[in-house]
Amino acid sequence: MSEAVHPVDEILPAPKLAVLGLQHVLVMYAGAVAVPLIIGRALKLPPQDVAFLISADLFACGLATLAQCLGLFGVGIRLPVMMGVTFASVGPMLSMAASPEIGLLGIYGSVIAAGVFGIIVAPFVSRLLPLFPPVVTGTIILIIGISLMRVGINWAGGGIPFLTQTIDGKVVQVANPNYGQLQGLGISLFVMLVILGLIKWGKGFLANVAVLLGIIAGGVLATVLGIMHFEKVASAPWFDLILPFHFGMPTFHLVPIITMCIVMVVVMIESVGMFLALSDITGKPVDQKALTKGLRADGVGTFLGGIFNTFPYTSFSQNVGLVGVTGVRSRWVTVTGGLIMLGLGLLPKMAALVEAVPQVVLGGAGLVMFGMVAATGARILTGVDFKTNRFNLFIVAVSVGFGMIPLVSPNFFKNLPHELHPLLESGILLCAIVAVLLNVFFNGVKSSSTEEIVAAAKQAEAH
């Protein structure tokens, strides 16, 4: 008899793959297009160039996702992962954009160099797996979910609570008048209730696509209320090619390259947490070899990003939460999502249609999905020995505290050297570093593998 196919490798019928893949795309779309929008506007690019940046980003998202999920030539972890531009790179790239001698082409040069760096160091980063026993992994995944909740809450609120403006030559923050409007909050609540209702009363495939159906229902309501508009859809072209080096040949500068390589290390450490979270959710153990392939895909995606006029790539944690909500573990769903992203990059009209979905519609879905990531971390921690090993309590307590610093007080580290900010502005990275160091201090380094994490999760389920 042939061995049973693991749910991660199961190929679902084409119609299901298409719907489930689209669901993943809708969940990540807002985050995927945010970085090119921010960088394009910081560089004061004309609207058509900003639109091209978005199309190029979607195209490269598709390429990086396919590399990660298909797992070809020693690249890719072969788990249900969607790849998108990392927000960890925004701060450094804004600094580069403000420097006339660096500019957009200097950014692309540093991204290409960081991609090569990531490919080279992936085997060394993957050897850190023994430093991630369940007490560390559960804490990091918990903070990933808590960090994402801020994104979901702001989506539900309709953007960000404060806007940066220049008044009388001074840069100040003013309250966003459109944030927290009752109409938007009502739409987010409606979407969340539709999703929860489908999860409770829906059967089979209907429950699996609850998030997508909730977003569609929210989009219909937003259209009726006059919040969702389609002017950009009508004006967008049907087809456009994404060619390498559209803006010219990249330039290479030492300091931006070093900065972006530091960002790459941050991205890879965060990716370890994402991969271990997916390992727990899907029930497929991840060893050092698989981690190396997954981290190498981060490097390959970043390298391709620099070539195709976009930015560093990482595994999107939003989609990790979606896997937990739907229970659909097949990587072929995210392969389909990658193909859809490729299509959106080549079909600007379709990309404009997806982009037209208001953030308040995504907010109701985000609160459900991102909470699931935090719940996964909590579930892993229920299998950790707190009764006979009181040190584990201190590991979790202090690590969560450090992980909350960038969320609660973004200016906490403002007086430290600017070069350290890429490391200090990520709550996930701070939590990971502190949890690893405290675990080594209290418990030492023991032989550890993801099988222990899965066992801890199963123990929690038994309760």
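## Helices α5 and α16

In this predicted model, helix α5, which spans residues 134-157, and helix α16, which spans residues 391-408, have axes that come within 10 Å and cross at roughly 25°. Because angles under 35 degrees count as roughly parallel, α5 is described as roughly parallel to α16, and the crossing of these two helices is right-handed.

On the α5 side, the contact is made by Val135, Thr139, Leu142, Ile143, Ile146, Ser147 and Arg150, while α16 contributes Asn392, Ile395, Val396, Ser399, Val400, Gly403, Met404, Pro406 and Leu407. Sorted by class, the residues in the contact of α5 with α16 comprise 10 nonpolar, 5 polar and 1 charged.

## Helices α4 and α10

A second pair is formed by helix α4, covering residues 103-126, and helix α10, covering residues 254-282, whose axes come within 9 Å and cross at roughly 45°. With that angle, α4 and α10 are therefore oblique to each other, and their crossing is right-handed.

The residues of α4 that make this contact are Ser110, Val111, Ala113, Ala114, Phe117, Gly118, Val121, Ala122 and Val125, and they meet Pro256, Ile257, Met260, Cys261, Met264, Val265, Met268 and Val272 of α10. In the contact of α4 with α10, 15 residues are nonpolar and 2 are polar, with no charged residues.

The contact of α5 with α16 includes 1 charged residue, whereas the contact of α4 with α10 has no charged residues.

Definitions and conventions. Residues are numbered from 1 along each chain as its sequence is written. This is a predicted model: local features need pLDDT of at least 70, side-chain atom pairs count only at pLDDT 80 or more; totals for chains, interfaces and linings use all residues. Side-chain values use heavy atoms; hydrogens and water are left out. Axes are lines fitted to C-alpha atoms, for helices over the stretch in contact, and angles run from 0 to 180 degrees between N-to-C directions. Helices (H or I, at least four residues) and strands (E, at least two) are DSSP runs, numbered from the N terminus. Angles under 35 degrees count as roughly parallel, over 145 as roughly antiparallel, 65 to 115 as roughly perpendicular and the rest as oblique. A crossing is left-handed if the near helix is turned anticlockwise from the far one by less than a right angle, and right-handed if clockwise. Contact means heavy atoms within 4.5 Å. Ala, Val, Leu, Ile, Met, Phe, Trp, Tyr, Cys and Pro count as nonpolar, Asp, Glu, Lys and Arg as charged, and the others, Gly among them, as polar.
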